[in-house]
Amino acid sequence: MSGLGLTMNVRIRFDSRELEAQIEESSEHLAICGPSGSGKSSLLRVLAGVDRRGEGKVEAFGEVWQDTDGGTFLAPGPRRVGWVPQDGLLFPHLSAGDNLGYAGASRDRVRDMAARLGLDGLLDRYPRKLSGGEAQRVALGRALLSRPRLLLLDEPFAALDGELKSRVASVVEEVAAEGSVALVLSTHDEQLANRLASAQLRIAGDRVKRLPCTG
Amino acid sequence: MVDPATAIRLSLIVGLLATCLGFPVAVAAGWLLARRHFVGKTALSTLLLAPLVLPPVVTGLLLLKAFGARGPLGGLDVPFTLTAAVLAAFTVGLPLYIMAARSAFEAVDPHYEEVSVSLGVSPWATFRRITLPLALPGILAGAVLTFARALGEFGATTVLAGNIEGETRTMALAVYTLLEMPEGEEGITFLAWVSIAIAFVALAGYELTVRWQRRRLETRR
């Protein structure tokens with residue numbers, strides 16, 4: 001399988017603002033930093049293929065995912081991304097276990113993932129009965145269990161405190177290594193960016209720049 | 001002769017059939033109006049909701065024009081049959097059903113659908129597994145209203161289905177018929193109480209489904 005090899009040349013309109021993203025990145029683990037409201041989430045949504053407001057071209061894994069001029073738009077499914085939105089967005093009518101197994105993972109894989117993410121004993125609980133941190137971990141597990149080739153994490157550990165954050169970050173590292181899963185992560189947590197990503201981009205104004213998250 | 005028990009039975013059959021038949025229509029139209037923008041949306045919405053404001057007798061008249069012997073659907077032999085009573089109840093109840101389904105679909109955050117599709121689940125399976133189950137309590141609230149409306153239906157039914165004992169004489173028509181009979185008082189009282197009871201049960205059911213909808217969409221607080 002070819003690596004992520006992400007090339008983006010898109011203009012994204014969101015909240016009556018515009019973000020111009022020109023990215024050419026060979027790294028498999030990428031962090032995108034920037035203040036809240038700068039467009040990190042919109043960028044990830046364009047990558048996931050759930051937002052069509054981006055205009056321009058997106059290529060990844062040697063495939064064209066989007067080309068506005070050429071009339072190409074690859075649906076989210078075949079992109080095989082595991083998108084973890086900022087607020088988790090667990091399906092409210094399904095238990096944590098059913099959320100985890102939503103994409104078709106076996107009971108065993110669900111149980112295994114729950115154990116790794118420290119969610120044992122919570123599988124029968126509904127999202128409204130989960131804490132913020134628990135919900136975020138379920139959302140992460142749900143994405144990982146869909147066997148993605150690219151994991152898109154939008155401020156993934158915002159609701160987790162120190163020790164748990166480190167544990168969950170380890171799981172992401174392990175899974176990424178095991179299945180050679182690429183990673184694009186939006187965060188304003190420098191430490192996390194340094195730990196999980198080998199390349200960093202920063203959104204400054206209406207552009208994405210090749211700058212480290214620090215400073 | 002008017003048999004109140006038969007009228008009640010007929011009303012329940014007509015109400016249930018109209019409600020069941022309305023389900024796919026309400027789901028399709030409600031989803032379309034909630035989730036899609038297209039040319040003619042206002043026209044479609046107006047057409048579907050018109051029976052809500054038209055006098056039921058006029059709705060019945062329009063149905064009779066369509067399904068009458070010389071109408072475009074005359075070959076179906078609908079008028080003055082049980083089917084006609086169901087069709088009348090269906091048409092008059094449909095706006096409530098569609099409005100309920102539409103707001104139920106509008107209440108479902110489209111981001112859930114995006115997540116589902118991003119996990120590799122097809123749009124149709126997403127509708128079946130996410131959108132419909134999340135909107136279902138609200139749609140059922142519409143079903144309850146439609147059923148209740150069907151039980152009270154009079155105007156369109158008289159015009160399209162007539163007032164045939166054992167065939168199309170539903171509760172409302174039975175009460176009307178009994179009003180003209182000197183010995184009808186007992187039957188009227190009985191039917192009136194049954195109507196009131198069913199109305200209360202239906203409205204309680206409506207309240208419960210509305211609460212269920214709210215609970216279903218509840219996320220972390």
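Q: Which residues does A:V184 touch, leaving out those up to four places away in sequence?
A: In this predicted model, A:V184 touches A:L4, A:L30, A:I32, A:L44, A:L47, A:L150, A:L151, A:L152 and A:L153, with residues up to four places away in sequence not counted.

Q: What is the largest nonpolar core, and which residues have the most contacts inside it?
A: The largest nonpolar core has 77 residues. Those with the most contacts inside it are A:M8, A:L43, A:L150, A:L152, A:V184, B:F105 and B:I139.

Q: Which helix gives the most to this core?
A: Helix α4 of chain B, residues 82-106, gives the most, with 14 residues.

Q: How many residues are in the other core that lies apart from it?
A: That other core has 39 residues, among them A:V168, A:V171, A:L185 and A:L192.

Q: Changing topic to chain B: how many helices and strands does it have?
A: Chain B has nine helices and zero strands. Its C-alpha trace spans about 70 × 45 × 25 Å along the principal axes.

Q: What share of the residues in chain B is buried?
A: Of the 221 residues in chain B, 47% are buried.

Q: And what share of the contacts in chain B with a separation of 6 or more comes from residues 24 or more positions apart?
A: Such residues account for 75% of those contacts.

Q: On to the interface: how many residues of chain B and chain A are in contact?
A: There are 22 residues of chain B in contact with 24 residues of chain A. Between them the two chains bury about 2000 Å², with 65% of that area on carbon and sulfur atoms.

Q: How many salt bridges are found across the interface of chain B and chain A?
A: Two salt bridges are found there. Polar contacts between chain B and chain A number four residue pairs, with both residues at pLDDT 80 or more.

Q: Which helices of chain B each supply at least two residues of the side that touches chain A?
A: They are α5 (110-118), α6 (123-152) and α9 (185-216). Helix α5(B) gives the most to that side, with seven residues.

Q: How do the residues of that side divide into nonpolar, polar and charged?
A: The side of chain B that touches chain A divides into nine nonpolar, six polar and seven charged residues.

Q: Where is B:E114 placed?
A: B:E114 is in helix α5 of chain B. It forms a salt bridge with A:R45, in which the closest N and O atoms are 2.8 Å apart.

Q: What else does B:E114 touch?
A: Besides A:R45, B:E114 touches A:V50 and A:W83, with residues up to four places away in sequence not counted.

Q: Why does B:E114 count as buried?
A: B:E114 counts as buried because its relative accessibility is 17%, and buried means under 20%.

Q: Where is A:H93 found?
A: A:H93 is found in the loop between β7 (81-84) and α3 (96-100) of chain A. Its relative accessibility is 11%, so A:H93 counts as buried.

Q: Which backbone oxygen does the side chain of A:H93 reach?
A: The side chain of A:H93 reaches the backbone oxygen of B:R129 at 2.9 Å. A:H93 touches A:Y126, B:R129, B:I130, B:P133, B:L134 and B:R216, again leaving out residues up to four places away in sequence.

Q: How many salt bridges does the structure hold over all chains?
A: The structure holds 23 of them over all chains. One joins A:E174 and A:R116, whose closest N and O atoms are 2.9 Å apart.

Q: Which helices hold A:E174 and A:R116?
A: A:E174 lies in helix α6 (residues 162-178) of chain A and A:R116 in helix α4 (residues 107-116) of chain A, so the pair ties together parts that are 58 residues apart in sequence.

Q: What does A:E173 form a salt bridge with?
A: A:E173 forms a salt bridge with A:R195, the closest N and O atoms lying 3.2 Å apart. A:E173 is in helix α6 of chain A and A:R195 in helix α7 (residues 190-196), so this pair ties together parts that are 22 residues apart in sequence.

Q: Which residues are linked in a network of salt bridges?
A: The network links A:R11, A:R13, A:E18, A:E20, A:E55 and A:R207.

Conventions
Residues are numbered from 1 along each chain as its sequence is written. Chains are lettered from A and ligands numbered from 1 in the order in which they are written. Side-chain values use heavy atoms; hydrogens and water are left out. A nonpolar core is a set of buried Ala, Val, Leu, Ile, Met, Phe, Trp, Tyr and Cys residues joined through side-chain atoms within 4.5 Å. Buried means under 20% relative accessible area, exposed over 50%, partly exposed in between (1.4 Å probe, protein chains only). Helices (H or I, at least four residues) and strands (E, at least two) are DSSP runs, numbered from the N terminus. Contact means heavy atoms within 4.5 Å. Buried area is the accessible area (1.4 Å probe) that two parts lose on being put together, summed over both. A salt bridge is a side-chain nitrogen of Lys or Arg within 4 Å of a carboxyl oxygen of Asp or Glu. A polar contact is a pair of N or O atoms within 3.5 Å; within protein, one must be able to donate a hydrogen and the other to accept it, and residues adjacent in sequence count only if both atoms are side-chain atoms. Ala, Val, Leu, Ile, Met, Phe, Trp, Tyr, Cys and Pro count as nonpolar, Asp, Glu, Lys and Arg as charged, and the others, Gly among them, as polar.
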